[in-house]
Amino acid sequence: MRFFLLPAGGSRPVPTPPWATVKATAEDTEGRFTLLEVNGEVDLPGRVQEVADEFVYVIDGAVEVDVDRTTHHLTAGMCVMVPRGVPHAIRTAGAPVHALHLLSHGAAGVGGKVDRGYVLARGEARPGRIRLPPAFGVKARSSDTGGLFSFLEVTVAQPIPHHTHHVADECIYVLDGALEIDFGGTTYTARKGQFVLLPHGAPHAIRPGSAPPPRVVQISTPGGWELVVEALIEHRTEVSKGGRFNPTALNRYTTPHHVTYDTP
């Protein structure tokens, strides 16, 4: 079982640079991505990643990213997608930066296309089939990443009942507050700065463990979780009543995306 919960500032047991900790390795994610938590001064000179996309999400501080002769200044809440094959450089802008740096490996379905790059401002989201409420900020869609991952900024405002992702792993980094997680008969509490990997095929439940409710980064690998969220928002009056989800109603819309909820 690949489940693990890292403490704030914790790292997977692999060599790490002095300015980062490793939240998930390629081995942890079955070859789909590596996730670093950057905390400090960083200066990555110009280079080209031939076999990995790079995605940077800034938690605090500021970072400058040079992409194909254009400099982007990213502050808290902003993110950038740099597709494989594109020259780029990354460096802190003045004060130390706190960010998540994801390197997406594997055979992306979009192959070597280099027109997938973008920068999102704080509060901005990738366009989808329907407009989502502010509690769900889609920062990277499956279509942006060749199907390798989806990256969402989420406020967990109500309990999510026991369910199983049959294909995708779910990775969560807590930005603020506390998130309670039921997994394997044990309840865990993930607080600010902690990271958890919930492997596919294993039932689990999550719920707010703080008031105000926790804000988290939610990474699905392979991608597609944004499609589930869109379906649930589109049918929200049917799947949720009185602040509680109805597992039977949920399954009508999540089963096609390989997610099922335990029913009474």
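A: A residue is called buried when its relative accessible area is under 20%, exposed when over 50% and partly exposed in between, using a 1.4 Å probe and protein chains only. The model is predicted, so local features need pLDDT of at least 70 and side-chain atom pairs count only at pLDDT 80 or more, while totals for chains, interfaces and linings use all residues. Residues are numbered from 1 along each chain as its sequence is written, and side-chain values use heavy atoms, with hydrogens and water left out.

Q: What about the accessibility of D28?

A: D28 has 10% relative accessibility and therefore counts as buried, whereas R12, at 21%, counts as partly exposed.

Q: Which residue does E230 meet in a salt bridge?

A: The side chain of E230 meets that of R141, again with 2.9 Å from N to O. The pair links distant parts of the chain, since E230 is in helix α1 (residues 225–234) and R141 in the loop between β12 (136–140) and β13 (150–155), 89 residues apart. Both E230 and R141 are buried, with R141 at 9% relative accessibility.

Q: What else is R141 in contact with?

A: Leaving aside neighbours within four places in sequence, the contacts of R141 include R126, P127, G128 and R129, as well as E226 and L227.

Q: How many residues of α1 are buried?

A: In α1, 8 of the 10 residues are buried, so the helix is largely enclosed by the rest of the structure. Among the buried ones are W225, E226, V228 and L232.

Q: What volume does the largest pocket have?

A: The largest pocket has a volume of about 430 Å³. Of the 24 residues that line it, the closest to its centre are F136, Q158, I160, L232 and F245. The elements giving two or more residues to the lining are β13, β14, β20 (215–221), α1 and α2 (236–239), and α1 gives the most, with 4 residues.

Q: How is a pocket defined here?

A: On a 1 Å grid over the protein atoms alone, a pocket is an open set of points where a 1.4 Å probe fits, with protein on both sides within 12 Å along at least five of seven lines, and lining residues have an atom within 4 Å of a point. Grid points are joined across faces, edges and corners, and the volume is the space filled by probe spheres set on the points.

Q: Now the sheet: what order do the strands of the open sheet have?

A: The open sheet of 5 strands has the order β17-β16-β19-β14-β23, with antiparallel pairing, where two strands pair if DSSP finds at least two bridges between them. β17 (186–191) and β23 (259–261) stand at the edges with a single partner strand each, so one side of each is left without a neighbour in the sheet. The twist averages 30° from one strand to the next, based on axes fitted as lines to C-alpha atoms (for helices over the stretch in contact), with angles from 0 to 180 degrees between N-to-C directions.

Q: How many bridges join β16 to β19?

A: There are 5 bridges joining β16 to β19, which run antiparallel, and I181 stands opposite I206 in β19. A salt bridge also joins E180 and R207, whose closest N and O atoms are 2.8 Å apart. E180 is in strand β16 (residues 178–183) and R207 in strand β19 (residues 204–208), 27 residues apart.

Q: Which helix lies across β14 and β23?

A: Helix α3 (residues 247–254) lies across β14 (160–165) and β23, running at about 170° to β23.

Conventions: A salt bridge is a side-chain nitrogen of Lys or Arg within 4 Å of a carboxyl oxygen of Asp or Glu. Contact means heavy atoms within 4.5 Å.
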